[in-house]
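Work through the exercises below with the model open. Try each task before you read its solution.

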Amino acid sequence: MDRRQEILEAAAKSFTLFGYKATTMEQVAKIANVGKGTIYTFFANKEILFQEIAMSLVQEMKAEADAVLDSSVSFMDNAHNALMKMLQFREKHLLFAKLIEEEKELRTPAVKQVLIRIETEILSYVAALIQKRIDKGEIRDCDAELVSYLLFKAYLAFIVDWHELHDDKIPEEKILNLFKETIFRGLIL
């Protein structure tokens, strides 16, 4: 493994354990077993290091979503499977969970900026999937960007927010059926 990769892994570990605000370059250097100057050889500052780690999270999330896409199934099923996979990743990945917690509690500007960038990447990914199906004539012509926002935020509300306000989670099949009968129905030709 090269030094740059060791630094990225050490920084990810530190951000996961301590959050963005409490992580120092000294901690990262110690975890990576390198001198602090070595970190600055690869990364100008903590924020750039943090952004690179966050974008690697996005790539992992997209890869997991891509893995559940199946060209032989409907747009509805693919959209549902990809959105569920991304939201499950968001909930289960410890670094992602730590960032969301830090943003809620401390309102750290760098964390908020990264979370916005991650959401923008997710929305762009979903919009591209929608546009591809529009181009194939499988769903109605629509504003893919707005529909991706609607789908993502609605799924987020049912997967994450619902549980915060209610005692139980909604079963995945029930969520899919709700979306089939409402939003997806309006998209299908």
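The crossing of helices α6 and α7 is left-handed. Keep in mind that this is a predicted model.

**Exercise 1. Find how α6 and α7 are set against each other, and which residues join them.**

Step 1. Locate the two helices: α6 covers residues 94-106 and α7 covers residues 109-135.

Step 2. Take the axes. They come within 9 Å and cross at roughly 125°.

Step 3. Name the arrangement. Angles from 65 to 115 degrees count as roughly perpendicular, and those over 145 as roughly antiparallel. The pair α6 and α7 is therefore oblique.

Step 4. List the contact. From α6 come Phe 96, Leu 99, Ile 100, Glu 102 and Glu 103. They meet Val 111, Lys 112, Leu 115 and Ile 118 of α7.

Step 5. Sort by class. The contact of α6 with α7 has 6 nonpolar and 3 charged residues, with no polar ones.

**Exercise 2. Describe the packing of α5 on α9.**

Step 1. Read the geometry. The axes of α5 and α9 lie 11 Å apart, at an angle of about 135°.

Step 2. Name the arrangement. Again, roughly antiparallel needs an angle over 145 degrees. So α5 and α9 are oblique to each other.

Step 3. The crossing of α5 with α9 is right-handed.

Step 4. List the contact. Met 76, Asp 77, His 80, Met 84 and Gln 88 belong to α5. Their partners in α9 are Glu 172, Leu 176 and Lys 180.

Step 5. Sort by class. The contact of α5 with α9 holds 3 nonpolar, 2 polar and 3 charged residues.

**Exercise 3. Decide how α1 and α4 are oriented: roughly parallel, roughly perpendicular or oblique?**

Step 1. Locate them. Helix α1 spans residues 3-22, and helix α4 spans residues 46-68.

Step 2. Take the angle. The axes of α1 and α4 cross at roughly 95° and come within 10 Å.

Step 3. Apply the range for roughly perpendicular, 65 to 115 degrees. Helices α1 and α4 are therefore roughly perpendicular.

Step 4. Look at the contact. On the α1 side, the residues include Ile 7, Leu 8 and Phe 15. On the α4 side, they include Leu 49, Phe 50 and Ile 53.

Step 5. Sort by class. The contact of α1 with α4 has 9 nonpolar residues, 5 charged and no polar.

**Exercise 4. Which residues line the largest cavity?**

Step 1. Count the cavities. The structure holds 1 of 30 Å³ or more.

Step 2. Give its space. The largest cavity has about 40 Å³.

Step 3. Name the lining. It consists of Phe 75, Ala 79, Leu 83, Val 126, Leu 129, Ile 130 and Leu 151.

Step 4. Trace the elements. Helices α5 and α7 each supply at least two residues of this lining.

Step 5. Sort by class. The cavity lining has 7 nonpolar residues, with no polar and no charged ones.

Terms used: Residues are numbered from 1 along each chain as its sequence is written. This is a predicted model: local features need pLDDT of at least 70, side-chain atom pairs count only at pLDDT 80 or more; totals for chains, interfaces and linings use all residues. Side-chain values use heavy atoms; hydrogens and water are left out. Axes are lines fitted to C-alpha atoms, for helices over the stretch in contact, and angles run from 0 to 180 degrees between N-to-C directions. Helices (H or I, at least four residues) and strands (E, at least two) are DSSP runs, numbered from the N terminus. Angles under 35 degrees count as roughly parallel, over 145 as roughly antiparallel, 65 to 115 as roughly perpendicular and the rest as oblique. A crossing is left-handed if the near helix is turned anticlockwise from the far one by less than a right angle, and right-handed if clockwise. Contact means heavy atoms within 4.5 Å. Ala, Val, Leu, Ile, Met, Phe, Trp, Tyr, Cys and Pro count as nonpolar, Asp, Glu, Lys and Arg as charged, and the others, Gly among them, as polar. On a 1 Å grid over the protein atoms alone, a cavity is a set of points where a 1.4 Å probe fits but cannot get out, and a pocket is an open set with protein on both sides within 12 Å along at least five of seven lines; lining residues have an atom within 4 Å of a point. Grid points are joined across faces, edges and corners, and a volume is the space filled by probe spheres set on the points.
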